[in-house]
Amino acid sequence: MLKENVTSSETHCFHCGEDIIVRQYTHNDKQFCCSGCKTVYNILTEHNLSNYYVYNKIPGKTQSKITSNFDYLEVTQVVSKLVDFEDQFRTIVTLYIPAIHCSSCIWLLEHLHLLQSGILQSRIDFLKKQVSVTFKNDEINLKQLVQLLCSIGYEPLISFQDIVKKGQSRKTERSLITKIAVAGFCFGNVMLLSFPDYFGLGDFEREFKDFFGWLNLSFSLPVVLYSGKEYFVSAWTNLKAKRLNLDFPLALGILVMFLRSAYEIISQTGAGFVDTLCGLVFFLLIGKWMQERTFHHISFERDYRSYFPVAVTTINHGVERPIQLSDLKTGDRILIRSHEILPADAILLKGEAEIDFSFVTGESIPVKKTLGEIIYAGGRQLSGSIEMEVLKPVSQSYLTQLWNNNAFIESKKRIKTFSDTASRYFSIILLIIALSAGIFWISTDPSKALASFTSVLIIACPCALALSSPFTLAAVLSVFDKNRFFLKNTSVVEELARINTYVFDKTGTITNPNAAGLQFNGTIIDGQMQLISDLARNSGHLLSRELTKFIHKPAIYSVQEYTEKIGRGISGKVNGNYVKLGSSTFLNLPLKSSSSGSSIHVMINDVYVGFFTIRQQWRNGFKELMLKLSIEADLHLLSGDHDHERKQLIPFFEDSRKLHFEQSPQDKLDYIQQLQKEGKKVLMFGDGLNDSGALKQSDLGIAITDNINNFSPGCDAILDGLSFHKIPQFIQQAKDGVKVIRMSFIISLMYNTVGLYFAVQGLLSPLMAAILMPLSTITIILFTSVAVRLFAHKNKLL
């Protein structure tokens, strides 16, 4: 490898913080890494929005060329399906923007009206990375809005799924909040009306005591019939399926409390347990809300449409016209530009096709196609624009069939949780104790038989137990969420703690798609590296930027006669020398490549001088991760890629026989099934569609992605690539979470034991129940919240 010494000092871009190699982008004494960052800075300062940089020192992202074509946003059918509301004066639209990451982003996107007077207002949902914009129809349209966002570095991501999404609002969440509000309102009023009984003041005004009792009973009706309805439905459904879950003792306790309270109030023999009833339902619903709130902003319901573009450009009699994807039909001639996705199986008619099929097959090396060859949907074109003729509609393409393969959507076993196991035995023991207490008193003191039976069911109602799991797991999910690890539901936490076998995909999972290692092979004389660097600096391609960083030299020479063939190479005259960089075919060379990866070949003045080897690098912390996991677990690799990196991977796996390459989607699924037959608890890490079968089949499937809005179906969790190195910490946090659940279960049993001592004797009073139930609830909530945070600090996740 040859790398010349660097004498220049390094600085950082004022906008994005990237290292600056070339100091030619300056403005107002500020230095920028590229013209894109400088342009964004100029736009913001011209509109008096430079406060953007006050909230964070480096708030922006590195600006690349915008290659997206937004002509489809002028198609009426597409726009009507994207917008939330539209009339003759204004339009409201919600857009997903992956670049949102800090307070500066929020500040800027909520001040869009200063950039364009046609924008009335904009609001940010930071968790969902969404901006809702209201604009005037006569001053700006949707295409112009999107272009404005792109110009300041916030390009929206719009997929085909956005225009066919079902009208699923947040009805479920709103319904739950309404139930909590009803239960909370009734709980507060019942507590207020019960104070005279708590302090023994009810006897002074008998008529008020009876009146307050009837009011309390009326407040309990909406709590039982509306707020607590789901517990009865769930208990009955599980009983019909011959299962006992935690909702059964909860529903039984709620019912008994209501019936006994109604009896005492109607017969004027007591005040009942209405306050305990309302408090129980209120806290249970709070726990459910916390549990859902932690992951509601990530949707795991994906299909092939989330990967496809919204529209495609058709060519009819030489005229280009964008149409929505659902209107594409067999025989249409379509234009696919560089870096666009092929939405349907089609025949190549014109242009040079170099297709990246990594999402479908897992193979990272692009595939070249010849004229007349069939190209399947799901690939990404890399080498300029091509024209194709559609063979099948989108819904019948190979990618769609693969996504909808029955082998991949086969239902999995329900994850068994600690609460499910505990509730089964708890319910049986509870009923035995209640019946035993009733039978004991019926022969000696019949008046106490019913009181003791109902008292046991009331005091032993597993409120604290029911809250320990949701509050603990919600706290764990909150910790994971802050570290960009998103789970499908809380039961995934407990399953994660049981895993003993880890299976990894390679491309895009353990490799970093944005990091490549370069090494020069060949003979080069002094000064030629400078020529290569000055030529590469003119290209916005990712590899050209990486090459410029690798050579690490300041700019000296300008480039004349510069040309660039997208995806193939670049050429130009630098200081009188003709330099060409690119693939072997671009340089008209015999096929030359490196066994360890792709190559950038170099020719100067028609003389071949060598090539740069591009070797994919592992994700940050990969080595340490594998060492930690191998101590207690079994490690395997399943890759759809070729085995050209087998030697580099062998040191990370204890047994080289567990490294498997050129695996088809079905091969991966079968391999997971075989491990499970051996009694293994399998966790699969994958990223592409070719992993979806294995992700679905495994006990847990985690999709590794560098964009949490894009991932394959069948996964139980999504892990941002930036947090890949934290996997051992996540696993330990899951195990600690299970410990907290078991410890809180013991605490709740202690409270129940104290209450049962009085209940079996028929001595349980409303005041004692009103004290024990909230006290146990508050104890559990405080304990689980504090314990989870302490473990998170220990695991370095907070």
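# Note on strands, helix faces and rings

1. Strand β13 and strand β16 (residues 380-381) are joined by 2 bridges and run antiparallel. Two strands are said to pair if DSSP finds at least two bridges between them. Within this pairing, Asp356 stands opposite Arg380 of β16. β13 also pairs with strand β14 (residues 367-369), in the antiparallel sense and over 3 bridges, and here Glu354 faces Lys368 of β14.

2. This is a predicted model, in which local features need pLDDT of at least 70 and side-chain atom pairs count only at pLDDT 80 or more, while totals for chains, interfaces and linings use all residues. Residues are numbered from 1 along each chain as its sequence is written, and side-chain values use heavy atoms, with hydrogens and water left out.

3. The side chains of β13 (residues 353-356) split into two sets: Ala353 and Ile355 point one way, Glu354 and Asp356 the other way, and all are buried. Buried means under 20% relative accessible area, exposed over 50%, and partly exposed in between (1.4 Å probe, protein chains only). In a regular strand, side chains alternate between the two faces of the sheet.

4. For the chain as a whole, the secondary structure comes to 25 helices and 30 strands. Helices (H or I, at least four residues) and strands (E, at least two) are DSSP runs, numbered from the N terminus. Of the 798 residues, 52% count as buried. The chain exposes about 36,600 Å², of which carbon and sulfur atoms supply 55%; accessible areas come from the Shrake-Rupley method with a 1.4 Å probe, and for residues only the protein chains shown count as cover. Among contacts (heavy atoms within 4.5 Å) between residues at least 6 apart in sequence, 67% join residues at least 24 apart.

5. An open sheet of 6 strands has the order β10-β9-β11-β17-β12-β15, with antiparallel pairing. β10 and β15 (374-375) stand at the edges with a single partner strand each, so one side of each has no neighbour in the sheet. Elsewhere in the order, β11 (residues 333-336) and β17 (residues 386-390) pair in the antiparallel sense over 4 bridges, and Ile334 has Met388 of β17 as its bridge partner.

6. Which way do the strands beside β28 run, parallel or antiparallel? Strand β19 (residues 501-504) runs parallel to β28 and is joined to it by 4 bridges, with Val682 of β28 as the bridge partner of Thr501. Strand β29 (residues 700-705) is likewise parallel to β28, again over 4 bridges; Gly686 has Ala703 of β29 as its partner.

7. β28 (residues 682-686) is mostly covered, with 5 of its 5 residues buried. Val682, Met684 and Gly686 point one way from this strand, and Leu683 and Phe685 the other way.

8. In helix α20 (residues 622-632), Phe622, Leu625, Met626 and Leu629 are buried. These residues are on the same side of α20 because they cover an arc of only 95 degrees around the axis, the arc being that of the directions from the helix axis to the C-beta atoms. The other side of α20 has Lys623, Leu627, Lys628 and Ile631, which are exposed.

9. Rings of Phe, Tyr and Trp (its six-membered ring) pair if their centres lie within 6.5 Å; planes under 30 degrees apart count as stacked, over 60 as edge-to-face and the rest as tilted. By this rule the count comes to 21 aromatic pairs. One of them, Phe480 with Phe485, is tilted, at 5.1 Å centre to centre and 50 degrees between the planes. Phe480 and Phe485 are both buried.

10. Phe14, Phe32, Tyr41, Tyr52 and Tyr53 are linked by ring pairs into a cluster. The ring of Phe14 also has the charged end of Lys30 over it, 5.2 Å from its centre. A charge sits over a ring if NZ of Lys or CZ of Arg is within 6 Å of the ring centre and within 35 degrees of the ring normal. Lys580 lies over the face of Phe586 as well, at 5.0 Å from the ring centre.

11. Two backbone angles deserve a look. Most residues other than glycine have a negative phi. His317, not a glycine, has a positive phi of about 55 degrees; His317 is found in the loop between β9 (311-316) and β10 (319-324) and counts as exposed at 79% relative accessibility. Asn588 has a positive phi near 55 degrees and belongs to the loop between β23 (577-582) and β24 (598-604). Asn588 is exposed, with a relative accessible area of 68%.
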